[in-house]
Structure formats: structure tokens, C-alpha cells
Amino acid sequence: MESLLSRIEPFFTFQQPLLAVVLVTLLALLGGYYRFRVFPLLGKKLPPRSLGFPLVGQAGSKFIFSANDALGSNQPVSVARILRPESIQRFVGEMDAIVKEQLLQELKGKDSVQVVTMMKKVTFKVTCSLLFGLPEGKEKDALLEDFTIALKGAWAIPIDFPGTIFRQTCQTRDRITTVITKLVERRKKEMEEGKEAPREDVISSFLNLRDEEDQSLTKDEMIDNIVSMIIASHDTSAIVLSLLLRHLAGDTHVYEAVLEEQTEISKTKEGKDGMLRWSDVEKMKYTWRVAQELMRVTPPVFGNFKSTKDTSFGGFDIPKGWQVFWIACATHMDEKIFEEPEKFDPSRFGNPSKSAPPYTYIPFGAGPRACPGVDFARIEMMLILRHLIINSKWTELIPDEAITREPMPYPAMGLPIKLHPRKDICWFNVIPSLCTEQN
Ligand code: HEM
């Protein structure tokens, strides 16, 4: 154990040795269990479900999160093309309309709501509509339900027995596969018939993808990549939004500053069509800094990459093929990089004198495999937060609710909140008796 600790110590500059010991123990257990491959199915072909991770990764190496780039650089590039700023900035208005509609569905007539469930639903519907072209309806609702169950079991111990989480997750995975297969087949047929989708979406992009030998993705690869994209694109933003609402409920100063910025933007929209555009999102500078600071204090995800050759870092050897697991807290909470790291201070972003060195602020990863969804996530989160704060105040029903990791950081009880809609302007709460509550 000591030698393992000393080998990984430079990557995890923990202030709390106990935490380091716990993590190393977990990694050691996982390492043994998963044959020393953290994220075992992301880099090597393995028999389906043989080693856990029942949700994704049946296809082996041609996988979007795969570190060994079996499809060359084509695959990340093809997704990045859809998500490039010029493309998504053009559909801010469309995204805003979807966000409004979804919030209305979630909040209409309610005076309290479970934030985590709501955020998962809203972000899921936004990404499914805009990135996957999934039509509204029962199919989409059932898919979300299955993703929610399956995500909980994504790290399940593989005991394939009636009643286990693993078995349940495998069953949901089968249902997800059926729905996505139908979707892919439908799109393939449309493409063969020359029917154009409203814009290039993820499924058409994967269907068009070819490797160096002009081979397209197999059905399993296609399904795995779509499943992983759906997870990457909705659960992450849902976490940040949930944590943002939790923070704003307890931080009046930051709450008021965000509200002021959003109110100013509303004034500039008066007498116009009211539709939000990219230029409006650009004006949400303070609101974005609050989100950035939140992701510094509580990075929503961790990542991993695989060393493609023998290398060394900080005097320690990393053999070729090692899966390197990184966590952002190591730099985000380092006082040499971020002054008073425990303090929630959005002003550290946007202040050139406080700017962090490259590769130290990494909620979206860094380098060639950094998150291509950063602009999409930014726009989506800004729009959702804007509509909530303009229309309502909220208070936590469980004060200072703990954060749990499943493995992502979620409020343990799903963050139930009470809404205090603003009189007269609140469009999502149409029950007059609720709107009489003044703040
Ligand atoms: C707040 C929201 C988000 C956060 C914090 C986040 C974070 C990350 C991180 C840290 C990685 C790199 C993982 C690693 O290095 O192992 C990543 C990869 C990725 N993310 Fe995001 N993400 C977010 C939203 C999104 C959205 C909205 C999309 C799509 C619309 C998306 C699509 C992807 C994809 C496709 C990859 C894999 C890229 C590759 O392997 O080349 N993400 N994300």
C-alpha cells in the first residue's frame, strides 16, 4: 500500500492523507476487481457485461471515451463539429424555447420541486431534441426513466441475479438499446431516402463516420457511442445546475448579483420579440463566473486517459498502457493556484491578475480530449438558470443538504426546494394563489 501511495502521490496532492488512503484502497480494490484497469471497458474489447459497467462499453475500443483512438481522430472531431460554437450559437433561440417549455411542464402549478429530478429531465429533453433529433413523446420519457435507473447501476458489482442492481441495469440497458436501435434505423432509412434532418445531429454524424479503412461503426459501437453521448451531455449539466440552485439558495449576495445581471438583460429585451440570442448569453458574464466557480469548488466529473508510451511525470514513471485517473480537486483546491481556495469567489474568473495557469482549472478536462460540449453546456445552463431566477426565488426544504457521490456529486436527497414565484411576472406558475406570495 505504501509503495502504491508513493507512486501516485504526485497526481493526488491531497491535503488529507486519510482521503488519499481511502482512495488508494478503493483504487486497489477496483484495480484487482477490474484487472487493474480503471474504466475497463473503455479501451479494450471485453465480453459484454463480463466485468461490470453494464450500461456502456459493450463495443470495445471504437468508443467515444476510448483513450486509444481506434477510429483515429475522426470520432471526437465528428462530435466536436456538431458542437462547435458557430453551430450551437445559432440555435440559442430554439434551445431557449425548449427550455421554457420543459420548465413550464416541470413547474406549472407547483410550489415545491425536486431539483435533481427536474434538472435531469430538462437537460435530457434539451439534448435529445437538439442533438439526437428524438421526437417528444412516451419513447423519450421512457428512455429518460431507463437512463436514470441505469446510471445508478453503471458502477454496480456484476452479480447477475434477480433483484440485483446489476441485473436491473442490464435490463434497462436492453430497453435503451432497443429504442436507440429503432432510432438509428429510422435515421438510416431517412438518409438513404435523401430526407434531410433539420440539422446535422449526432446520429447522422455517427452514421457517416468512417475509419481509415473506410469501415463504418458497427451496430454495437453505434449504440455505445450514442449512450455515452447521452450521458455526457445531460447528466453533467444537471449536476452543475442542481448544485448552483443549492448554492444560490444559501448565498444571498451572489443570488442578488445574478438576479441583477439577468434583470438588466431583460430590460434590453423589452419591446422586442423576447427571443434570446447568443449575444444575450454573452452578456451573462457574472452568472457564468458563478457557474465556473461552482465547478472549481465541486468539479462535477473526473476523467482518465491512457498513456500511449512510457513516460514520466514529476519524477515518477508511467508505463505505456497505464490508465491515468485524474481528479480536478487536486489543482482546484491548491492555494498556490487559487488564492483562498475554500472561499466561493466568482470574481476570480474574469480577473486577469488571478487567472490560473493552463491545465489547472479543468472541470471540462484539457488537451485534445477535453469536453467538446463546453459551449453547449454553458448556453443550456445559463438559459435554465436565467428563467428560474427571473421568475422565482427558492429555499431549500432540507437546509444544507449533504452532497453524495454516485459517483457524481449530487445533493443526497435530490434537493427538494420551495418556490417563491415573483408576483405578476412568473410565467411558469400559473396558479394565482401561489403567485400572491411575495418575496
Ligand atoms: C457542465 C457540463 C459538463 C462537464 C462538467 C463536462 C465535463 C467533461 C470532461 C471532464 C470530459 C473529459 C473526460 C476525460 O478526460 O476523461 C468530458 C468529455 C466529453 N464531454 Fe463533457 N462535460 C459537460 C457537458 C457536456 C455536454 C453538454 C456534452 C455534449 C453536448 C458533452 C460531451 C462530451 C464528450 C463527447 C466528451 C468526450 C470527448 C472525447 O473523448 O474526445 N459534455 N466532459
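A disulfide is a pair of cysteine sulfur atoms within 2.5 Å. By that criterion, a search of the whole structure finds zero disulfides. The sulfur of Cys329 has its closest cysteine sulfur in Cys371, 17 Å away, which is too far for a bond.

The model is predicted, so local features need pLDDT of at least 70 and side-chain atom pairs count only at pLDDT 80 or more, whereas totals for chains, interfaces and linings use all residues. Residues are numbered from 1 along each chain as its sequence is written, and side-chain values use heavy atoms, with hydrogens and water left out.

Aromatic rings come next. Rings of Phe, Tyr and Trp (its six-membered ring) pair if their centres lie within 6.5 Å; planes under 30 degrees apart count as stacked, over 60 as edge-to-face and the rest as tilted. The count comes to five aromatic pairs. One of them, Phe124 with Phe147, is tilted, with 6.0 Å between centres and 55 degrees between planes. Phe124 belongs to helix α6 (residues 115-132) and Phe147 to helix α7 (residues 138-152), so this pair ties together parts 23 residues apart in sequence; helices are DSSP runs of H or I with at least four residues, strands are runs of E with at least two, and both are numbered from the N terminus. Both Phe124 and Phe147 are buried, where buried means under 20% relative accessible area, exposed over 50% and partly exposed in between (1.4 Å probe, protein chains only).

Tyr255 and Trp394 form an edge-to-face pair, at 5.6 Å and 75 degrees.
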